[in-house]
Amino acid sequence: MNGLLELRDLSVHYRTARGEVTAVRSVSLGLDAGQTLGLAGESGCGKSTVAMSVLRLLPRDARVEGQVLLDGEDVRGMSWGRLRAVRWAAASVVFQGAMHALNPVHRVGEQIAEPMRLHGVTGSVSALLDQVELPSRAARAYPHELSGGQKQRVMIAMALACEPRLVIADEPTTALDVVVQAQVLDVLKRLVSERGIGLVMISHDLSVLASTCDRLAVMRHGQVVEEGPAREVITSPAHPHTQALAAAFPTVGDPASRQVTPSEGADGPVLLRASDVHVSFGATRAVAGVDLEVRAGEIVALVGQSGSGKTTLARTLLGLQKPTAGRVLFEGRELPRSASGLRAYRRQVQLVLQDPTSALNPRHSVYEAVAEGLRIHRVDGDESARVAEALSQAELRPPELFFPSLPHELSGGQRQRVVIAGALALGPRLLVADEPVASLDASVRGEILALLLRLRRELGLAALVITHDLGLAWTIADRVAVMYRGELVEQGTVEQVLLSPRHDYTRTLLAAVPHDQRSTRPNWTNSP
Amino acid sequence: MTAIAWQRRRAAARATWREFASQRGGLVGLIGLAVITVLAVLAPLVTDASGLDVTRVTARPWEPPSASHWLGTDHNGRSVLLLTWWGTRISLVVGLAATVLSVLIGTVVGIAAAHFGGWVSAVLMRFTDFFLVLPSLVLAIALSTVLPRGLGTIVLAIGVTSWPATARLVRAQTLAVEARPFIERARALGGGHGHVIGRHVLPAVLPLVFVNTTLTVASAIVAESTLSFLGLGDPTRVSWGSLLHAANMHGAVSQRAWWFLVPPGLGVVCVVLAFTLCGRALETVLNPRLKGER
């Protein structure tokens, strides 16, 4: 095979203070023009290192072994001048995080033109913008004037500027919400088929890769554990790690991934009720008249795109944000306004934040983080016994082992468990979880969701889970509320809303979820 | 359980020390400071304070350096070595006291402005701006002229004029810390203002305050010397500034008495340099990104 890109026995080692660390271990992959190769894996599995080694963009302390053949020529043997010519003209990169990869002080048009100028290529910025479905006047905009999806498209236009034959997209849609993600993926797919370029796509989300790629390679600990046609890898994963990754992104409508029986916890008394809640910041109306109920022992998913007002609503329900109008009732009583009343309320309702890494004070040990709430509320009794109990409820066992650990010594999943334990220590009756698994690795997501379900079963804990991920709502929720521009456009049981949606926006959201070849599109009229 | 916390703090302190000790400049500064402090503290024990009394002098005025007077004598015949030695005490005391005052005001104003926001912030920051735009030396001169002369006045004059920069710095850092989600978590757990500031903001801001303190001491000592040189210090006590003032008043230059001018000047330079070296080293420990730029 003499393809566009060929990796032969590629290994990358990093020299660190603790000796040499191997990030990539004898990886062999190939890609032809007009093909899409997906690289899947969790954070730290070496997928980005593989991608960066193609253009020799690795840091100085990296040592590369094996061959990286670009059009048959070994990148490792290229002279500096040749490498400069190859970068961008033959192969280009769509970097992760469009928010930070664009220079904020230059117009995007100039930034798209920059590689053309450097390589002496003639071309038109507006033609490039047209290819990624942006109006040509977008060239005069500064990055902050564009939305996340538009910035990501600018990055793609930039990668196409010198008409490369190979494009490497490193997590191109990770920070985007579903609707925008679907648009960006469509642009990429169209470019591959129209222009016959080769695309290497890196993602931790198997469903994104499944919907765009021909071939799929799954990486773990620097090695490719499974490789093959995307369809085969998804439908009949051979390696347990691939199975875990596939299970972490459930398909809406697939009964196998639903972990709740429909009747469970639907008839408890109403715990929290929001009636006609409005929140405005100046002229912007973040929440515009929301009525929502959470019953005891019930898991409600609040679904919507970013910017739909989900988080503001959650903060209002927690009493962290005063509603401009409307009322929030807990067990029939209005939320207290006084500091001491709110403090008492917080023993009943607790918050779990999106990113456990930043939600824990890096200077506090696990013990201090969990005991923080107990100390604030001056809870009597044996503090360390309560902390140990909360930690073991959050499945950190044996708890004493974790007491002195600092957050940076723990894995992402363990950190989220500490946050949950901190909330549990106060014995709340409702958890408000804001994107509880969005920043976690695929294999950990399932565990955290299982933990929420177990807490509901064993402690009768109700939860309001805020998410942009419909698959997550399908997995654990009893009821779903769909939020759009500050309003709840639809709510009802999971089966009603996700299988037979009535509102257009819910349909748009469902259509935007990447569909893989595992199951056919669910039939909207039939409930399972 | 506090035992765990203490153990960890000790370990953190050891790590900080190792990092600090790996920087030669900081170590030199620290040793310099230690020597100067020990000398200042021991002055009353090692030397005879009666040598400062003009009525008891035995030597002739303007005597050049010799074996009996290593740094010569001043216009009254007092030993310049002795004067400089005793001047260390006042310079250090004023420098440290004024810094404590300034950093205290700055930290309180900075944290309060950032934490409470809204009109509190507006009022406090306009107040800060007012002090920031006033020429601080002129303000200090005005203050020490109006208030009764003495050590307290000069401390007050320096402290009250040098806090705005600290306040701005602390406010910026507090804003950065308060934007972190763990503050939101602490609020959701039920923590009030006291809890958020005491448990989360202050520990995160203190290292910065500490660095700022060491750098402020240097400028406070210079300020003290300036004010004393202008004759606004405590006339009954010897400080480096007042020595320079005396040298200037009594015509040390026309007498070609370099030995009267150089020692207090060098004293100021040494102490300021030592504090600055320490401050820079601490800054590098706390912000490792600075390391590469050396």
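**Helix packing and chain contacts in the predicted model**

Helices H10(A) and H18(A) are oblique to each other, a term for angles that are not under 35 degrees (roughly parallel), over 145 (roughly antiparallel) or 65 to 115 (roughly perpendicular). In this predicted model, local features need pLDDT of at least 70 and side-chain atom pairs pLDDT 80 or more, while totals for chains, interfaces and linings use all residues. Residues are numbered from 1 along each chain as its sequence is written, and chains are lettered from A and ligands numbered from 1 in the order in which they are written.

Helix H10 of chain A comprises residues 240-248, and helix H18 of chain A comprises residues 442-459 (helices, H or I of at least four residues, and strands, E of at least two, are DSSP runs numbered from the N terminus). The two pack at an angle of about 55 degrees with their axes 8 Å apart (axes are fitted to C-alpha atoms, for helices over the stretch in contact, and angles run from 0 to 180 degrees between N-to-C directions). H10(A) contributes A:Ala244, A:Leu245, A:Ala247 and A:Ala248 to the contact, and H18(A) contributes A:Ala442, A:Ser443, A:Arg445 and A:Gly446 (contact: C-beta atoms, placed from the backbone, within 7 Å). By class, this contact has 5 nonpolar, 2 polar and 1 charged residues (nonpolar: Ala, Val, Leu, Ile, Met, Phe, Trp, Tyr, Cys and Pro; charged: Asp, Glu, Lys and Arg; polar: the others, Gly among them).

Elsewhere in chain A, helix H1 (residues 47-54) is mostly covered, with 7 of its 8 residues buried (20 or more other C-beta atoms within 10 Å of a residue's own, all placed from the backbone; 12 or fewer is exposed, in between partly exposed). The buried residues of H1(A) are A:Lys47, A:Ser48, A:Thr49, A:Val50, A:Ala51, A:Ser53 and A:Val54. After H1(A) comes A:Arg56, which has a positive phi near 55 degrees.

Chain B contains 11 helices and 0 strands. Its C-alpha trace spans about 75 × 45 × 35 Å along the principal axes. Of the 294 residues of chain B, 41% are buried. Among the contacts in chain B that link residues at least 6 apart in sequence, 70% join residues at least 24 apart.

An unreviewed UniProt entry annotates residues 88-279 of chain B as "domain: ABC transmembrane type-1" (positions are in the numbering used here, feature names are shortened, and annotations may be inferred rather than shown by experiment). This span is 83% helix and 0% strand, and its end C-alpha atoms lie 20 Å apart. The "transmembrane region" annotation in the unreviewed entry covers several stretches of chain B, including residues 90-116 and 123-144. Residues 90-116 of chain B are 100% helix, with end C-alpha atoms 39 Å apart. Residues 123-144 of chain B are 91% helix, and their end C-alpha atoms lie 27 Å apart.

Helix H8 (residues 181-188) and helix H9 (residues 193-229) of chain B have axes that come within 10 Å and cross at roughly 140 degrees. H8(B) and H9(B) are therefore oblique to each other. From H8(B), the residues in this contact are B:Phe182, B:Ile183, B:Ala186 and B:Arg187, and from H9(B) they are B:His195, B:Val196 and B:His200. By class, 4 of these residues are nonpolar, 2 polar and 1 charged.

The contact between the chains draws 25 residues from chain A and 19 residues from chain B. On the side of chain A that touches chain B, two or more residues come from each of helix H12 (339-345), strand E16 (349-352), helix H13 (356-359) and helix H14 (366-376). H14(A) gives the largest share of that side, 5 residues. The residues on this side of chain A divide into 11 nonpolar, 8 polar and 6 charged.

Conventions
Two residues are in contact if their C-beta atoms, placed from the backbone, lie within 7 Å.
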